[in-house]
Amino acid sequence: MAEGEERRERPARQGRFHRAGQWWRRAWGAAGHERDTLLLIGKSTLAATVAWVISYYLLQAQSPAFAPFSAVLIMQVTVYQSLLQSLRYVGAVVTGVAVQAALGFLVGPGLPAFVLVAVVALIIGRWPALGAQGSQVVTAAFFAFSTYISATSDLAKVTELGQIILLVLIGCGVGVIVNVAVVPPMRYRSAEHSVRTLAHALCDLVSDMYPVLREGELDGERSSHWRTRAGQTEELISQARSGLRTARESLYYNPRRLLRRNQGRTTFEGYGAVLDALERALYQMASLTRSIDKWQEEESRSYRSFLERYADFLEAISDITQVLSTLDEDDLHDQAQQLCGLADTAQQRSRQVTEEAEQAELPLADPALPYGVLVVESTRLMEEFQHTCDVLQRYVDQGEQGEQGDQGDRGDRGDRGGHEDQGDQGQEQP
């Protein structure tokens, strides 16, 4: 659930239109995969439009699509990556055009020249320095070959090949400028935001599940939708890992860094452990939803109380993930205490799930029914979130001890400075 969103007590409505509305509400309500997707689409559209206007209307280029294509291609998650990929992309395109120009003028426009261009470009494209842009060497060489054979004179050939490079430079330049000027993505791939994104995705999923289990409205359509959403978190996990690795990188060449007053505190080592726990929790949720989706047998009324206890447990988990989805280092002390209290509540409800399963004598060993998986996953989920709360509390405690030590050091230095000043003054007196 997004910050400020009311607790969901009724199952979410089904159907394409309702789900589309839920997707837009998630995009509007809080930072996450949905909002990042919209932001990237908007910025890419703006960059492509500006590049097209320059190449088609101002330069009246013969192949204006090179500019918007390049602008969209280098729209990366960080300003640093945009600059890095732009340099690699320009290098790949220049290399591909140069290969075509050299072999074209030496061999001619025939089939042997095309074969040589393809072989040389494919070999150069494997150069590690070009990274992911290595394939663009071949792409640029083929486009250059097509442009080369359509030109009517040597001057036209040189002009057209040079125009390709110019259009690529324009597209990359526009893409970088838009990425820097329009909400440069410093916070979107920071370590803190990575934790928030995963926690928000998990909170949304769990918040959709527990009202359905509590009301006993489980059906194949809902369980299939949960399974699909849980499977889509693979991309979020990958992005979060990338965000953790590039938390510092996202500050490089970023103008928004100048607007931050507390530049010294951008991340902390506890985020890695929290991210690990959330990743494992998401995998466990995927296993849980997969087991529920495969369960085709109708629910027995004697098991209804178990599902209600499980809904209570998932509700407690959603409370924890809601706090994690708003994690803020400035408020970490209060949030860590709040998480510890919520973890105690979730622990109690996890025990109630196990006790209810034992009292109802559920068929936990039956692989065709989800009850055994539900019990196991409740225990595992609780372990991960308890570990998360312990990590955050330990970090807060270490930070407070460090601040006390710094204050003590400053006090000692002040005392020593005072004594030294007095000694100096005593020596200056006759």
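Visitor: Tyr56: buried, partly exposed or exposed?
Guide: This is a predicted model, with local features needing pLDDT of at least 70 and side-chain atom pairs pLDDT 80 or more, while totals for chains, interfaces and linings use all residues. Residues are numbered from 1 along each chain as its sequence is written, and side-chain values use heavy atoms, with hydrogens and water left out. Buried means under 20% relative accessible area, exposed over 50% and partly exposed in between, with a 1.4 Å probe and protein chains only. At 39% relative accessibility, Tyr56 is therefore partly exposed.

Visitor: Which helix holds Tyr56?
Guide: Helices here are DSSP runs of H or I, at least four residues long, numbered from the N terminus (strands are runs of E, at least two). By that count, Tyr56 sits in helix H2.

Visitor: How are the rings of Trp52 and Tyr56 arranged?
Guide: Trp52 and Tyr56 are four residues apart in helix H2, so about one helical turn separates them. Rings of Phe, Tyr and Trp (its six-membered ring) pair if their centres lie within 6.5 Å; planes under 30 degrees apart are stacked, over 60 edge-to-face, the rest tilted. A search of the whole structure turns up nine such aromatic pairs. For Trp52 and Tyr56 the centres are 5.0 Å apart and the planes at 10°, so this pair is stacked.

Visitor: And Trp52 itself, buried or partly exposed?
Guide: Its relative accessibility is 32%. That makes Trp52 partly exposed.

Visitor: How are the rings of Phe114 and Phe145 arranged?
Guide: Their centres lie 5.3 Å apart and their planes at 70°. Phe114 is in helix H5 (residues 111-125) and Phe145 in helix H6 (residues 135-150), so the pair ties together parts that are 31 residues apart in sequence. Phe114 is partly exposed at 30% relative accessible area, whereas Phe145 is buried at 8%. Going by the plane angle, the pair is edge-to-face.

Visitor: Gln60 has a positive phi although it is not a glycine; what is its value?
Guide: Gln60 is in the loop between H2 and helix H3 (66-73). With 59% relative accessibility, Gln60 counts as exposed. Its phi is about 50°.

Visitor: Where does Glu361 lie?
Guide: Glu361 also has a positive phi, about 55°, although it is not a glycine. At 68% relative accessibility, Glu361 counts as exposed. Its place is the loop between helix H13 (332-359) and helix H14 (371-428).

Visitor: Which residues form one aromatic cluster?
Guide: Two of the members are Phe and two are Tyr. They are Phe306, Phe313, Tyr310 and Tyr371.
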